[in-house]
Amino acid sequence: YASPPGFRRWLMPFTPLRLGWDLVLLGASVLDAIATPVRLFITERGGDGDVPHLSIGGAALALADLVFLADVVARAYLPCVDGETGRTIVHPPTVRKRYLRSNTFVLNVLACLPVLRFPLGLVYRNRKAMSKLSVVRMLRLVLTWSQIREFERYLSRHGPVNAPVFRMFVIYFYMFLVMSILSSVYFGLSTAQLQDVCPQPENFKAEIMTFETWLAKDSIVTDKMDPKICGVLPTAPTCDSCPRLLFFARSLYFLVQTMFTIGYGDEVAPSKNPIEMSMAILFMLLGVFTFGLTIANMTSVLQNLDVVDMRYRAERYRIVHWTAHRALPPALREQIDAFF
């Protein structure tokens, strides 16, 4: 339990190097949480699904997989904190023993399974089926809470932390992740009846406009895909037979509108499709919960805008109460009060 010698001192918990590594893991987890649903429900359903493996998004996800793989190995050697006693464990065999028996190790190993896509892809040619293996990497989201807690402990060692303000940032962080994931899921479920969300321009009307989905009703999207509209006039939108980014943006736009009960009167609204109506109900219920959570925490934030000032007022109140209880002379009370 003594402080380790040499370079291992910089690997101790709450050091800047460990904090930096945790932030890298947190960033990789956020990237996975956003990019994986987008690829499964939007990108790989567009056109013929031929999305290059070495695209920017694919390269970033591959780099995140390597980061997770490195973390699986590193955790077996990095000093850790005993959750029961609060003591730091630096003895390597003890660290490895605790880590290999922990739930964190199991989650880390499962999250690294998508790395097998590359060797298996050389044998199993169905790339769309292999891409579904990437869903398990989202298990890393379970560990983001411990990384956020480590960041909070690091900040608390360098000064007071306003807990309500920090908690508000955490709420918005997870709210952003949930909305990003649900927007991709919403697009996938609401267009499940379509064989191809990005058909050839000559087949656009028959394969998109004849179905009862929001994709057919949203003119912002269809005007870019319909060859009879896009590019015809100078003011018309640029033609794009498969606006994947717009699919995600419009899905997220509808989700935010529904959750926060915003109505602009535009065409982004659920159709008569029962799947879309069910998703809209889910978004409304989630929005009510989010509103309540946000308002409750904002109340705490307003009550604790200045933690230092609150502590000062509390200490001064105790001093005034103590001097009155001890019946000190008024002149001495004034001197003590002026000193503080």
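Okay, let's start in helix α14, residues 307–325, where Arg 318 and Glu 315 sit three residues apart, about one turn of the helix. Helices here are DSSP runs of H or I, at least four residues, numbered from the N terminus. These two form a salt bridge, with the closest N and O atoms 2.5 Å apart; that term means a side-chain nitrogen of Lys or Arg within 4 Å of a carboxyl oxygen of Asp or Glu. Arg 318 is partly exposed at 47% relative accessible area, and Glu 315 is partly exposed at 42%. For the cut-offs, buried is under 20%, exposed is over 50%, and partly exposed is in between, using a 1.4 Å probe and protein chains only.

Quick word on the source: this is a predicted model, so local features need pLDDT of at least 70, side-chain atom pairs need 80 or more, and totals for chains, interfaces and linings use all residues. Residues are numbered from 1 along each chain as its sequence is written, and side-chain values use heavy atoms, without hydrogens or water. pLDDT is the predictor's confidence in each residue, from 0 to 100; its mean is 79 for this protein, and 84% of the residues reach 70 or more. Over residues 48–54 pLDDT stays under 50.

Which residue does Arg 140 meet in a salt bridge? Asp 71, at 3.5 Å, N to O. That pair links distant parts of the chain, 69 residues apart: Arg 140 is in the loop between α6 and α7, and Asp 71 is in helix α2. Both are buried.

How values were computed. Contact means heavy atoms within 4.5 Å. Helices (H or I, at least four residues) and strands (E, at least two) are DSSP runs, numbered from the N terminus.
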